Amino acid sequence: MSATPFVVLSAILFTIGVIGVLTRRNAIVVFMNIELMLNASNLALVTFARVHGNLDGQVAAFFVMVVAAAEVVVGLAIIMTIFRSRRSASVDDASLLKY
Amino acid sequence: MTALLQAPTAVAAPVVNPVAASGVFSVLWVIIALPVFGALVLLVLGGRRTERWAHWFGVGTVAVSFVLSVICFVALLGRDTGDRSISQHLYTWVHAGSFHVEAGLLFDPLSALFLLLITGVGGLIHLYSVGYMEHDDRRPRFFAYLNLFVASMLTLVLANNYLGVFLGWEGVGLASYLLIGFWQHRTTAAVAAKKAFVVNRVGDIGMALGTMMTFAVFGTTSFAGISAVAGKASSTQLTILGLLFLLAACGKSAQVPLQSWLLDAMEGPTPVSALIHAATMVTAGVYLVVRSNFIYDHTVAAQTAVVVVGAVTLLWGAIIGCAKDDIKKALAGSTMSQIGYMMLAAGLGVAGYAFAIFHLLMHGFFKANMFLGAGSVMHAMDDDVDMRHYGALGKAVPVTFLTFAMGYLAIIGFPGFSGFWSKDPIIEAAFGNNVVAGLAALIGAGVTAFYMTRVMLMTFFGKKRWAEGVHPHESPKVMTIPLMVLGALSAVGGVLIAGGWIIDFLTPVVGPISEHELGGVPKIWLSVIIVVVMLAGIAIAWFTVGRADVPRTAPAKVSVFTKAARADLYGDAINEELLMRPGDRFVRGLLTFDDAGVDGFVDGSVAALGGLSGRVRRWQSGFVRSYALSLLGGAVIVVIAMLAVNL
């Protein structure tokens, strides 16, 4: 079984994620794209774990999942708070922290 | 000028070879410590707490110092002539590598006489100040400064090395600054104090460099060490040393070209003027030259310079004294002139050292007397100093008049009075050395008689020219008693030279005078000539001032010479043209360079950096997505870099 399709899929997913983060304004969508990138990398990790025949990559994937879950909790809470105070979830509107 | 001078005498300067202090001499340090203690107590406790007793405390410390000085002096007399040099080791002051300085005192005939003068006359001036400063609410502070002044001067004359002298030297400068500017609410006083300080700094450069040079050349700064090896140094080195110490002496003793501060220093309270002019400060320069005799004896060039400075100053001061209407400034001019005599004598070498010191002592008596007398007159005339507003005061203030007259007769060298005994030998010695210096001294004597007679006539004789509402009254006892003591000393001080006592007494320090050096002109004839010149001076004063009515305001139409003398012979103008203006321009140039060059570079680079930062700051836009883009860009660059390395 060749690893190429998996790696290619992973790359495609990651690219979609990057484009999404860079182009979309809605914080929820940006967030989803970040998850997409994380999972693309998980896919690559698991694939390489399989190719090399050890569990290091899979362990790393688990770590990424746990961190992602924690991040979702914090991130969604922040987005909710911002939405409540300004009735908007656009990342471009939340640009006060600057020079 | 050098060619006119005789070759230096074959007799080398005596080597300073002191024995350790023991017995009564172990209290030497207390003589200095007492006034220091007095100054500290009065300064630390401050005016309000010490108001009641500060003045008597100040008088007391100096009085006890005087008693101790007398005890030491008597003890010194009790020793053999060759054994009259005592040193007291206090502690090791500086010990760094090969540089080793002991804090020590040297008590020999020279410093013994100075101790008596400083504490004796200084003490009388302290006593007088009790009355004179009675209505000044800063009197405790005044006494603290007076004590500091005396302590510094005592340090100067008792130190056994040049560094110690330097310490006292600077202390005297500081105290004079504080006292001249004592009434600092007057701008003139503040400026005069600053001027005295700055001009003294110029002289102090000479003192500092001289002290360093003694160490560089001889490896020690102590008199004992240097006097033992002075002859071995090259004549160039000794000449430079002599000239440096002469510069120092010019600053402290107000000799041309550093004379300009002395007349302005009259802004201080009158007792300060008396202290500066009689007991301390201006005598320091003469002391330094005489103390350094082991250097000057080996260098004709430096001695010549001293003689020239002395001769020029004695005429310079006398001429200024002739034109001043301010009684204190007339006396200040005479101080310059008299110190000029001392410098002249000191520059004559072995032939003159003893006479310089003798004249210094006599001058201490009669000048303190006259300054305090002038203060008493001012006291009577509501602090008016203009002699044109005086006149006919002889009856109003009889004690002041009589004591002042003693000082007057002494300074003009009236036969029998102290100045006669001390000035005549100087003029004789000057003639013995070369005719030019002798003539300068002789003419100076005539001019002295003229301007002092003028002061006398304008103040105590003639018609009343008093301002309205002025009722002259004699000063209180506390002021007249010092006057009487000093007046008596002015009259009979000459007894010190009876049988050549003071010369023999000083011989262990300065070397013996040989008969040859006493002058080529028959002594008695020269004395007659001096007296005739003096009488001529008095006569001229009588015809110009005594007979005519003195106008209340100074006449504006006067000769060029009078104008020049009134302007202190343009000493200030010369300083301004030669030193101040170019210095000003130089500083202004530096300032421009600093503003445009240095500041321009620093400010410019800062502005450029600031502008750049402003640009860079714009990158921080607040848009999350642009941050994400830069993150991506960074990541891509990292990946490319890794690939490039691996491939």
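pLDDT is the predictor's confidence in each residue, on a scale from 0 to 100. The structure shown is a predicted model, so this score is the place to start, because where pLDDT is low, the predicted coordinates should not be read in detail. Chain B as a whole has a mean pLDDT of 88, with 97% of its residues at 70 or more. For the model, ipTM is 0.87 and pTM is 0.79.

Within chain B, consider one pair of helices. Two packed helices are described by the angle between their axes and the distance between the axes. Helix H16 of chain B, residues 353-380, packs against helix H21 of chain B, residues 501-510, at an angle of about 125°, and their axes are 9 Å apart. Because of that angle, H16(B) is oblique to H21(B). The crossing of H16(B) past H21(B) is right-handed. On the H16(B) side the contact is made by Tyr353(B), Ala354(B), Ile357(B) and Phe358(B), and on the H21(B) side by Ile502(B), Ile503(B), Leu506(B) and Val510(B). By class, the residues of this contact are eight nonpolar, no polar and no charged.

The contact between the chains comes next. Chain B contributes eleven residues and chain A contributes ten residues. On the side of chain B that touches chain A, helix H25 of chain B, residues 624-646, gives the most, with five residues. That side of chain B divides into five nonpolar, three polar and three charged residues.

Notes
Residues numbered from 1 in each chain as written. Chains lettered and ligands numbered in written order. Predicted model: local features only at pLDDT ≥ 70, side-chain atom pairs only at ≥ 80, totals over all residues. Axes fitted to C-alpha atoms, helices over the stretch in contact; angles between N-to-C directions. Helix = DSSP H or I, 4+ residues; strand = E, 2+ residues; numbered from the N terminus. Parallel < 35°, antiparallel > 145°, perpendicular 65-115°, else oblique. Left-handed = near helix turned anticlockwise from the far one by under 90°. Contact = placed C-beta atoms within 7 Å. Nonpolar A, V, L, I, M, F, W, Y, C, P; charged D, E, K, R; others polar.
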